[in-house]
Amino acid sequence: MQEMNPQEVQEHLKNSSTKPLLLDVREPWEYDVCHIEGAQLVPMNSIPAQMSKLDPEQEIIIICHHGVRSRMVGRFLEAAKFSNLINLTGGVAAWAQSVDSEMATY
């Protein structure tokens, strides 16, 4: 699993020829407060049940509030043979600070 800070993810999204899945693993109330445009909400505790709906070959950028839960989900997916994973270091909190100053925070 790669680690990318918000600026690196933003640049990667701009330059990527194929659109990665933005996988937001926070709780629904957190997602309702703020989220990165295009992110798909699959709360962390739902990952095992929803994993069959994910493509293990697709690039997946995993997002949470500060980057801890997303790293844990990434490790879980790696153990399930997902290999194209990126953790958003610092999560949406860091994204709001450095990429999208209009994003709500909590």
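Modeller: One cut-off comes first: a residue is buried under 20% relative accessible area, exposed over 50%, and partly exposed in between. Keep in mind that this is a predicted model.

Biologist: What makes E3 count as partly exposed?

Modeller: The relative accessibility of E3 is 35%.

Biologist: Are D24 and R26 buried or exposed?

Modeller: D24 has 0% relative accessibility, so it counts as buried. R26 also has 0% and counts as buried. D24 is found in strand β2. Leaving aside neighbours within four places in sequence, D24 is in contact with several residues, among them Y31, H35, V42 and I63.

Biologist: What does R69 form a salt bridge with?

Modeller: R69 pairs with E30, and their closest N and O atoms are 2.9 Å apart. E30 lies in helix α2 (residues 28-33) and R69 in helix α4, so parts 39 residues apart in sequence are tied together. E30 is buried because its relative accessible area is 4%, whereas R69 is partly exposed with 23%.

Biologist: Which order do the strands take in the sheet?

Modeller: The order is β1-β5-β4-β2-β3, in an open sheet of five strands with parallel pairing. What makes β1 and β3 edge strands is that each has a single partner strand, so one side of each is left without a neighbour in the sheet.

Biologist: How do you know that β4 and β5 are paired?

Modeller: Pairing needs at least two bridges between the strands. Three bridges join β4 (residues 60-63) to β5 (residues 85-88), so the pair passes. Within β5, N87 is the bridge partner of I62, and I86 that of I61. The chain crosses from β4 through α4 to β5, a β-α-β crossover that is right-handed.

Biologist: What covers the faces of β4?

Modeller: Both faces are covered: I60 and I62 are buried on one side, and I61 and I63 on the other. In general, side chains in a regular strand alternate between the two faces of the sheet.

Biologist: Which residues touch the most other members of the largest nonpolar core?

Modeller: They are V9, I36, I63 and M103, in a core of 15 residues. Helix α5 (91-98) is one of the elements that give two or more residues to this core, and α5 gives the most, with three. Apart from this core lies another, of 13 residues, including V42, L54, I60 and I62.

Technical notes: Residues are numbered from 1 along each chain as its sequence is written. This is a predicted model: local features need pLDDT of at least 70, side-chain atom pairs count only at pLDDT 80 or more; totals for chains, interfaces and linings use all residues. Side-chain values use heavy atoms; hydrogens and water are left out. Helices (H or I, at least four residues) and strands (E, at least two) are DSSP runs, numbered from the N terminus. Buried means under 20% relative accessible area, exposed over 50%, partly exposed in between (1.4 Å probe, protein chains only). A crossover is right-handed if, with the strands pointing away from the viewer, the path from the first strand over the helix to the second runs clockwise. A nonpolar core is a set of buried Ala, Val, Leu, Ile, Met, Phe, Trp, Tyr and Cys residues joined through side-chain atoms within 4.5 Å. Contact means heavy atoms within 4.5 Å. A salt bridge is a side-chain nitrogen of Lys or Arg within 4 Å of a carboxyl oxygen of Asp or Glu.
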